[in-house]
Amino acid sequence: MMTPIYMDNNATTACDPAVVEAMLPFFTEQFGNASSIHSFGEQVGKALKEARGRVQNLLGAAHDSEIVFTSCGTESDSTAILSALKANPERRTIITTVVEHPAILTLCDYLEKEGVVVQRLRVDKRGRIDLDEYKSLLSERVALVSAMWANNETGTLFPVEEMAEMAHEKGIPFHTDAVQAVGKVPIDLKSTRIDMLSCSGHKLHAPKGIGVLYLRRNTRFRPLLRGGHQERGRRAGTENSASIVGLGVACELAQQHMETENTTVKALRDRLQRGILAKVNNAFVNGDTVHRLPNTASIAFEYVEGEGILLLLNKQGIAASSGSACTSGSLEPSHVMRAMGIPYTAAHGTIRFSLSRYNTEEEVDRVIAAVPPIIAQLRKLSPYWSVDGPVESPERAFKPAYA
Amino acid sequence: MWDYSDKVREHFFNPRNSGPLTDANGIGDVGSIKCGDALRLMLKVNPESEIIEDAHFQTFGCGSAIASSSALTEMIKSKTLDQALQVSNQDIADYLDGLPPEKMHCSVMGREALHAAVANYRGEAWQDDHEEGDLVCKCFAIDAVMIEETIRGNHLKTMADVTNYTKAGGGCSACHEKIEDILIAVNGRLYSSDAPQKGKTAPVESPVKPKLTNYQRIRKIEETLEAIRPMLQRDHGDVTLVEVDGKKIYVALSGACQGCQMESATLGGIQQKLIEALGELLQVLPVGALATG
Ligand SMILES: Cc1ncc(COP(=O)(O)O)c(C=O)c1O
C-alpha cells in the first residue's frame with residue numbers, strides 16, 4: 001500500500017517525536033510524585049514548573065499560576081461552566097453558540113434540565129454569529145459566556161476577543177473553548193478580557209489525556225475535582241507528569257512553528273482546496289473562509305454521502321473525516337452543518353481535511369488526484385446524479401417516501 | 001473504524017447492478033434524505049411470468065446502504081415477484097454476513113424499496129409502515145420510537161420496566177439518561193425506580209373486571225402474546241403458548257430469546273403484560289418447567 005496520508009488533525013494529531021522523547025524519562029527514573037519532599041519528587045516538580053511556563057508562553061498568560069492542568073479539553077470545558085454556575089449562584093443563565101463542540105453543548109443540554117437557562121447564539125450560512133444579537137443577550141442574569149475560538153468542523157474563527165470585551169463591560173465572565181485554536185493561531189491572553197480558556201494536548205502534537213484550563217487571576221472559581229492540593233487545590237489528583245512535560249514541549253514547538261502554520265500549512269490547505277474545487281463541480285467550502293483556521297478545509301460534495309467518500313479515501317491510505325454523523329449512530333448530519341442551513345444533500349457529503357506541519361505538497365497533490373474519481377464513482381450510484389451533473393431539479397426528480 | 005464484514009466491503013467497493021435501468025417497469029423510491037440514506041430500486045419484470053429479469057439501484061447513502069442495495073438486487077434477480085417479496089431485511093443483512101446494529105436500517109430500506117417497487121409495478125399504492133427513531137440502546141439495538149411506543153402501550157413508569165419490556169438499558173447503562181428522558185416525555189415526570197410500582201400499575205384481581213369464561217381467557221392470553229411477538233421477532237426470537245394450567249401459563253420461547261441471559265427478563269415482561277391484560281395475578285413459565293414439573 002502507498003504510504004498513508006493523515007489529514008484528520010482536528011480529530012487528533014501525532015505526538016511530535018521530540019515530545020515523546022521528553023516524556024520517556026518520566027515513565028522510568030523520573031517516576032516521583034511532584035508533591036514529595038525527597039529528590040525523586042523534587043526533580044519532577046521542577047519539570048512541571050518548566051512545562052507550566054511553556055504553556056504560559058504559548059497562551060500569552062500573565063502568570064504561570066493561571067495554568068491549571070486537567071485531563072482533557074472536555075474536563076476543562078466542564079470545569080469552566082460548572083465553576084461559573086457554582087461561583088455565581090444568583091446567576092442562572094449561560095450564553096453559548098449552537099455550533100460548540102459536544103463538550104459544551106451536551107453539558108448545557110444537561111444543565112438546562114436542571115433549570116439553568118441556556119441561550120445559544122445562532123449562526124448564518126457561513127457559520128458567523130451576530131454580535132448585535134449577542135449584545136442584546138448580555139445581562140446581569142448571565143453567569144458565563146462560553147464561545148469557541150475555532151470551530152472543529154469548519155475551522156471558522158469567532159471574534160472571541162471582542163466578545164470577551166463586550167461581556168467584561170457587563171461584568172460577565174467569559175470562557176472560550178480554544179481546543180482547536182491553540183497552536184494554530186497566535187494567542188495573547190494577557191491583552192484580552194478572556195477569563196477562562198480550554199486547551200487539549202492531543203490537538204497540538206502532545207499526547208491524549210492532558211488538557212489545560214487557563215484561569216485568569218482573580219476569577220471566581222470552584223473546583224470540579226476536590227481532594228489533594230495539586231494545582232493549588234483547583235484540580236486535585238496526582239499530576240500526569242509525563243504528559244504535562246510532553247505538553248510543555250509541544251507548546252514550545254507550536255510557538256516555534258506558529259509562522260509555518262500560518263504560511264506553509266495554510267498554503268498547503270489552500271492548494272488542496274483550490275485543486276479539488278477546480279476538478280469537482282457541485283462542491284463548495286463550508287464556513288467562514290475569511291476568518292478560518294489555517295489548516296482546515298471543510299468541503300461539501302453535493303449528492304453523495306460522506307461515509308462512502310471516506311471508505312474510498314481510506315482504501316488509498318488517505319485519512320480525513322466526514323461532516324455527517326453517520327458513524328456515530330445518529331442519522332442526521334452534524335449540528336454545525338444544520339446550524340448553517342447547509343442542504344441535506346450537501347451536508348451529508350461534507351468532508352473535513354485538517355492538515356498539520358507534517359503534511360507535504362506531494363501528499364496534497366496525491367489527495368487532489370484521488371478525490372475527483374471517488375466523487376465521480378459515488379455520483380454514478382446516486383439517484384440525484386445524471387451523467388456529468390445533477391439530474392434536472394434533483395429535489396423534485398427524486399423524492400423518496402418518508403423523506 | 002467501521003465494523004463492516006468483508007462481504008459488505010466487497011459489495012460497497014464493487015456494487016452490482018448500479019445505475020439507471022432504462023426499461024424498468026417497477027420503481028421504488030424510499031429513504032430519507034434528512035437521515036442521509038435514500039434508494040431508488042428499478043425492476044424489469046416479465047409481465048407473463050412475473051419474473052424479475054433485471055434489477056438495478058441508485059443509492060445516496062453510506063457504505064452499508066450501497067452494499068445493502070447491491071445485495072438486494074442480486075438476491076431478487078430471476079425470482080418471481082411473490083418469491084422476491086419473501087426477502088426480509090434480515091435476509092439482506094444475512095446475505096452480507098451481518099450489519100452493525102446502527103446500520104440495520106439500511107437493510108430495512110432495501111426491503112421497503114422492494115415493496116414500493118412491486119407496488120409500483122402492480123399499480124398499487126404503497127404505504128410505508130416505517131417508523132424508526134434514533135438508536136437508543138446499542139447493546140440490544142432498540143430505537144427511541146420502539147421505546148416510546150412500549151412505554152405508552154404498557155403504561156411503563158420506570159427504567160426497570162423499560163428494560164423488562166424491551167431489553168433497552170439492560171446492557172452497558174450508557175442509555176439510561178436517554179430512556180429516562182423518554183419516560184419523562186411520555187409520563188410528564190419520572191417515577192422512582194425502586195419498589196416497582198406494585199399494586200399501583202398492575203391491577204390485582206380487579207373486582208371491576210368482569211370474570212372471563214375459560215375460552216375468553218385463553219383467547220385473551222393468545223391475543224396478548226400475539227401483540228408481543230413482533231417485538232420478540234425483531235430480536236429474532238418468538239413465543240408460543242403451550243399450556244394454561246390455572247394461574248400457570250407455559251410458553252415456548254424460541255430463537256434469540258431462548259436460553260439467553262435475557263430469557264427471564266423476557267418472561268417477566270410477558271407476565272407483566274398478561275397480568276395487565278387479564279387483570280389477574282398469574283405466572284408465566286418456560287415450557288421446560290412443564291416437562292419436569
Ligand atoms: C472544539 C473542541 N472542544 C473540545 C474537544 C474535546 O477535547 P478532548 O478530546 O481533549 O476532551 C475537542 C476535541 O475533539 C474539540 O475539537
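Buried here means under 20% relative accessible area. The close-ups below all come from a predicted model.

**View 1. Leu225(B), a buried residue in a helix of chain B.**
Leu225(B) sits in helix α9 of chain B, which covers residues 214-234. Its relative accessible area comes to 3%, under the 20% cut-off, so Leu225(B) is buried. Set aside the neighbours within four places in sequence, and Leu225(B) is in contact with Val239(B), Leu241(B), Val251(B) and Ile270(B). For a sense of scale, take Ala84(B): Leu225(B) is 141 residues from it along the sequence and 29 Å from it in space, going C-alpha to C-alpha.

**View 2. Chain B as a whole.**
Zooming out for a moment, chain B has eleven helices and eight strands. Of its 293 residues, 48% are buried. Now take the contacts in chain B with a separation of 6 or more: 58% of them are between residues 24 or more positions apart.

**View 3. The open three-stranded sheet of chain B.**
The strands line up in the order β1-β2-β3, and the pairing is antiparallel. At the edges are β1 (26-32) and β3 (52-60) of chain B; each has a single partner strand, so one side of each has no neighbour in the sheet. From one strand to the next, the twist averages 15°. As background, strands of a sheet pair through backbone hydrogen bonds, in either a parallel or an antiparallel way. Between β1(B) and β2(B), the latter spanning residues 37-45, the antiparallel pairing runs over seven bridges. To find your place, look for Gly26(B), which stands opposite Leu43(B) in β2(B).

**View 4. Two helices on the chain B sheet.**
Helix α2 of chain B (residues 63-76) lies across β2 and β3 of chain B, and it runs at about 175° to β3(B). Helix α5 of chain B (residues 104-122) also packs on the sheet, where it touches β1 and β2 of chain B. The direction of α5 makes about 145° with that of β1(B).

**View 5. The open four-stranded sheet of chain A.**
Over in chain A, the strand order is β9-β10-β13-β12, with antiparallel pairing. Here β9 (283-285) and β12 (321-322) of chain A take the edges; each has a single partner strand, so one side of each is left without a neighbour in the sheet. β12(A) pairs with β13(A) (residues 350-354) in the antiparallel sense over two bridges. In one of these strands, β13(A), Ile351(A) is the bridge partner of Ser322(A). Helix α9(A) lies across β10 (296-301), β12 and β13 of chain A, running at about 45° to β13(A).

**View 6. Where α9(A) crosses α12(A).**
Two packed helices are described by the angle between their axes and the distance between the axes. For α9 (residues 306-315) and α12 (residues 361-381) of chain A, the axes come within 10 Å and cross at roughly 135°. That angle makes α9(A) oblique to α12(A). As for handedness, the crossing of α9(A) and α12(A) is right-handed. On the α9(A) side, Gly308(A), Ile309(A), Leu312(A) and Leu313(A) meet Val371(A), Ile374(A), Ile375(A), Gln377(A) and Leu378(A) of α12(A). Sorted by type, the residues of this contact are seven nonpolar, two polar and no charged.

How values were computed:
Residues numbered from 1 in each chain as written. Chains lettered and ligands numbered in written order. Predicted model: local features only at pLDDT ≥ 70, side-chain atom pairs only at ≥ 80, totals over all residues. Heavy atoms only, no water. Axes fitted to C-alpha atoms, helices over the stretch in contact; angles between N-to-C directions. Parallel < 35°, antiparallel > 145°, perpendicular 65-115°, else oblique. Left-handed = near helix turned anticlockwise from the far one by under 90°. Contact = heavy atoms within 4.5 Å. Nonpolar A, V, L, I, M, F, W, Y, C, P; charged D, E, K, R; others polar. Buried < 20%, exposed > 50% of the residue type's maximum accessible area, 1.4 Å probe, protein only. Pairing = 2+ DSSP bridges.
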